[in-house]
Amino acid sequence: PNPEWFGDAPNLDRVTMQFNTDEGTFLNALQNGEIDGSSPSQYNEDIITQLQDLQNVELSIAEGSVWEHVDFNLGNEWLEDVELRRAILPAIDRQEIADRNFGATYPEIELKNNHVFPNTREHFVDHYEGETQGSGDIDAAIEILEDAGYELDGDTLTLDGEEVGPFRLRSTDTDVRNTSLQLIQAQLAEIGITANIEMTDDLGAMTQEADYDIVQFGWSGTPDFTTNAHQFWHSTSGSNFGGYENEEVDEHSLNSSEAINLEEAADHANAAMEVLVPEAYVLPLMSEPNYFFAGDHLVNVEDNTHSSYRATYNIGEWDIAD
């Protein structure tokens, strides 16, 4: 405890933080008393299923602050064609991705239909209502392709006799993203596109160098949304990895970050999305759920999925039960 702290004294004298990336050891460590709880960074259905069967353990699962999305690299000569992007996104089935990853242990998961606001926020607008993007509608995808002059030559998509792609489909190596990329690979094959999966252990370098054609990664959400649109899509942003440029989106994203009140900022953020969605640059998937567990001999220990501190956000209130 900090003797200079001006608030209430903490309940515990000492807390030991252990960092363990070997998920297979979590349960044994808990049962052996080596740890008292954890708020893991990655979702793991196998561990959650086993935790559900344990006595004297509190388990919670809730929507987290990190939302998964699929982006394009517009520096690729094929993917700079908006009609091709508009066809690829309907072929991707977001619900199948969500169900395969989380359906067994968190069936209430919802698809993310707004890039900035969670479904429960007052400024939420459903930008995918009536959209085929992310629907898994292969017929709609093929119709868009045919209207744009693309043709299926057997199982291969072509334009003027040339094969479209293949594309490098990339992400970091996690259980969720592994499953997701395998599904996307199979879904794109249905419209004649070959996507070769390549994992990376350096997400920062991959995105900064735009070393991908199609990529899945996560953005950390925050209630402080005013700069999000500018960070994600403004043409001068260092986080606009795929090179998207649109003057109208630039204007709205800048106005959102400089607005004099939250209502105005939210209106500009949603206006930017109204332009962005039809241009098929990014497809939001879902906010990945987080799980947390702790022995019931602890009190006041709980998860906060919308804080980067997670379960440690109120560490001064932790205590041992009587």
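Me: At what angle does helix α2 run to β2?
Reply: This is a predicted model, in which local features need pLDDT of at least 70 and side-chain atom pairs count only at pLDDT 80 or more, while totals for chains, interfaces and linings use all residues. Residues are numbered from 1 along each chain as its sequence is written, and side-chain values use heavy atoms, with hydrogens and water left out. Helices (H or I, at least four residues) and strands (E, at least two) are DSSP runs, numbered from the N terminus; axes are lines fitted to C-alpha atoms, for helices over the stretch in contact (heavy atoms within 4.5 Å), and angles run from 0 to 180 degrees between N-to-C directions. Helix α2 (residues 45-52) lies across β2 and β9 (282-295), and its angle to β2 is about 165 degrees.

Me: What is the order of the open sheet of six strands?
Reply: Two strands are said to pair if DSSP finds at least two bridges between them. The sheet is open and its pairing is mixed. Its six strands follow the order β1-β9-β2-β8-β6-β7.

Me: Which strands stand at the edges, each with a single partner strand?
Reply: In the open sheet of six strands, each edge strand has one side left without a neighbour, because it has a single partner strand. These edge strands are β1 (37-38) and β7.

Me: In which sense do strands β2 and β8 pair?
Reply: Strand β2 covers residues 57-72 and strand β8 residues 214-220, and seven bridges link them. Val 66 stands opposite Ser 220 in β8. The sense of the pairing of β2 with β8 is antiparallel.

Me: How many of the six residues of strand β6 are buried?
Reply: A residue is buried under 20% relative accessible area, exposed over 50% and partly exposed in between (1.4 Å probe, protein chains only). Strand β6 (residues 167-172) is largely enclosed by the rest of the structure, because its buried residues number five of the six.

Me: Which strands form the edges of the open sheet of three strands?
Reply: This sheet has antiparallel pairing and the order β3-β4-β5. Strand β3 (residues 150-153) is joined to strand β4 (residues 156-159) by four bridges, and β4 pairs with β5 over two bridges. An edge strand pairs on one side only, as do β3 and β5 (162-163).

Me: Which residue takes a positive phi in the hairpin of β3 and β4?
Reply: Two residues lie between the strands of this hairpin. Asp 153 stands opposite Thr 156 in β4. The residue with a positive phi near 70 degrees is Gly 154.

Me: Are α9 and α10 roughly parallel or antiparallel to each other?
Reply: Helix α9 (residues 247-258) packs on helix α10 (residues 262-276) at an angle of about 160 degrees, with their axes 8 Å apart. Angles under 35 degrees count as roughly parallel, over 145 as roughly antiparallel, 65 to 115 as roughly perpendicular and the rest as oblique. The two helices are therefore roughly antiparallel.

Me: How do the residues of the contact of α9 with α10 divide?
Reply: From α9 the contact includes Val 249 and His 252, and from α10 it includes Ala 265 and Leu 276. Ala, Val, Leu, Ile, Met, Phe, Trp, Tyr, Cys and Pro count as nonpolar, Asp, Glu, Lys and Arg as charged, and the others, Gly among them, as polar. The division is seven nonpolar, four polar and one charged.

Me: Is the crossing of α4 and α6 left-handed or right-handed?
Reply: Helix α4 (residues 94-102) and helix α6 (residues 175-189) pack at about 145 degrees, with their axes 10 Å apart. A crossing is left-handed if the near helix is turned anticlockwise from the far one by less than a right angle, and right-handed if clockwise. The crossing of α4 and α6 is right-handed.

Me: What is the separation of the C-alpha atoms of His 297 and Glu 58?
Reply: His 297 lies in the loop between β9 and β10 (298-299), and it counts as partly exposed because its relative accessibility is 35%. Leaving aside neighbours within four places in sequence, the contacts of His 297 are Asp 36, Asp 319, Ile 320 and Ala 321. Glu 58 is 239 residues from His 297 along the chain, and their C-alpha atoms are separated by 9.7 Å.
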